[in-house]
Amino acid sequence: MGQPSIPPTPTSASAAGKTAIITGGNTGIGYEVARQLLLLKASRVIITVRSTSKGQEAVASLRAHPEVKKANPTATIEFFHLDLDDFQSGVEFAKKIRAEVSELHILICNGGVNLISYEASKSGHERVMQVNCYTHFLVTLELLPLLRATAVSCGEPSRLTFVGSSIQNFNTLAKKPLTDSKTVIEHYDDRQIYSGLNRYADSKLAVHAFVQRLANIVPSSELIINDLCPGMVATNFDRGLPLWLKPVMAVLRRLIARTVDDGARTVIYAAVVAGQETHGKFLQSNKVDPGAPILQEKVGQTFSERLWKDIITEASKYDAELQSFA
């Protein structure tokens, strides 16, 4: 029992002189990714949070960390407000980034939730899909020009990494297929088909579908796009689970979970170390993995195309310029 070991990040890996953004970076894997990027000499690290107080605490903690102080004492460490529950917050966040960040080398979409009961987001959609997918997709499209421009000015590809999951294999797409009468977003907004035990899987399927679709239109010479599974990690991510399931997950995490340090290193590998061979690919234990087989089938390819179209349509309600991606 257990998961493959994650090797140390190569000593040759470097983020020197680079600016990185990590969504959901105030705790768990996101916080540790920020810390490791600072140890790799990133010059500017921006974490996103919903709470000002939690953002201030996380930034203070990163600045005070002995290893960070020793390895990278002059780094700029900041937090920017971003509520992934809300499309409008995503638009405002991207506007702030474009105004205050001249170069963006690394964007890591890490923030997420796992809920059993149906909840509606501030934007009116099912909340797991909103947080894990929709707002991240909007932010990605908003910042895509900056990422590509940075690649041109620096002479090397920028990086876009999503924290996905192998749980995508347990999606409900085959059992609860799309219909012609609903958009993909309307499909997942439908309370009648909601499955709390599978919705996280549905969200990670959508993440990988988006990564594949975006990689088809953006060359890896400009932007290396991938998503990865950090594995089961010893975090407090089970807060949204029902009481009966929490003890089960607690035992599993004690038995087989990776440390947060190990989990974060899988993200660092995808976002800093891995090369163009991972463009549009899913990684598990630092190796390319096929991901959910359904995405290679006709039904999955149709899903990917419809997801892309519907996300552009919905996001364009908040920023009409995003319609250009259609």
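The legends below describe close-up views of a predicted model.

**View 1. Helix H1 and its buried residues.** Helix H1 covers residues 28–39. Its twelve residues reach 17 Å from the first C-alpha to the last, close to the 16 Å expected at 1.5 Å a residue. H1 is mostly covered, with ten of the twelve residues buried. These are Ile29, Gly30, Tyr31, Glu32, Val33, Ala34, Arg35, Gln36, Leu37 and Leu38.

**View 2. Lys41 in the loop after H1.** Lys41 follows H1 and is found in the loop between H1 and E2. The phi angle of Lys41 is near 75 degrees, a positive value in a residue other than glycine.

**View 3. The buried face of helix H2.** Helix H2 is formed by residues 52–64, 13 residues in total, which should span 18 Å at 1.5 Å a residue. The end C-alpha atoms of H2 are 18 Å apart, in agreement with that expectation. Gly55, Ala58, Val59 and Leu62 are the buried residues of H2. Viewed down the axis of H2, the buried residues fall within an arc of 95 degrees, and they therefore line one face of the helix. The elements against which these residues pack are helix H1 (28–39), strand E2 (44–49), helix H3 (66–71) and strand E3 (76–81).

**View 4. The surroundings of Gly55.** Gly55 lies in helix H2. With a relative accessible area of 0%, Gly55 is buried. When residues up to four places away in sequence are not counted, Gly55 touches Val49 and Phe79. The C-alpha atoms of Gly55 and Gly25 are separated by 8.6 Å, and these two glycines are 30 residues apart along the chain.

**View 5. The packing of helices H4 and H5.** Two packed helices are described by the angle between their axes and the distance between the axes. The axes of helix H4 (residues 87–100) and helix H5 (residues 127–154) come within 9 Å and cross at roughly 30 degrees. H4 and H5 are therefore roughly parallel to each other, since angles under 35 degrees fall in that class. The crossing of H4 and H5 is right-handed. On the H4 side, the contact is made by Phe87, Gly90, Val91, Phe93, Ala94, Ile97 and Arg98. H5 contributes Gln130, Tyr134, Thr135, Leu138, Val139, Glu142, Leu143 and Leu146.

**View 6. The packing of helices H7 and H10.** Helix H7 (residues 199–215) packs with helix H10 (residues 298–315) at an angle of about 80 degrees, and their axes are 9 Å apart. H7 and H10 are therefore roughly perpendicular to each other, as angles of 65 to 115 degrees are classed. From H7, the residues that take part are Leu205, Ala206, Ala209, Phe210, Arg213 and Leu214. They meet Phe303, Ser304, Glu305, Leu307 and Trp308 of H10.

**View 7. Ser285 between strands E7 and E8.** Ser285 is placed in the loop between strand E7 (281–284) and strand E8 (287–289). The phi angle of Ser285 is near 50 degrees, which is a positive value in a residue other than glycine. At 17% relative accessibility, Ser285 counts as buried, because the buried class comprises values under 20%.

Note on methods: Residues are numbered from 1 along each chain as its sequence is written. This is a predicted model: local features need pLDDT of at least 70, side-chain atom pairs count only at pLDDT 80 or more; totals for chains, interfaces and linings use all residues. Side-chain values use heavy atoms; hydrogens and water are left out. Helices (H or I, at least four residues) and strands (E, at least two) are DSSP runs, numbered from the N terminus. The expected span of a helix is 1.5 Å times one less than its number of residues. Buried means under 20% relative accessible area, exposed over 50%, partly exposed in between (1.4 Å probe, protein chains only). The arc is that of the directions from the helix axis to the C-beta atoms. Contact means heavy atoms within 4.5 Å. Axes are lines fitted to C-alpha atoms, for helices over the stretch in contact, and angles run from 0 to 180 degrees between N-to-C directions. Angles under 35 degrees count as roughly parallel, over 145 as roughly antiparallel, 65 to 115 as roughly perpendicular and the rest as oblique. A crossing is left-handed if the near helix is turned anticlockwise from the far one by less than a right angle, and right-handed if clockwise.
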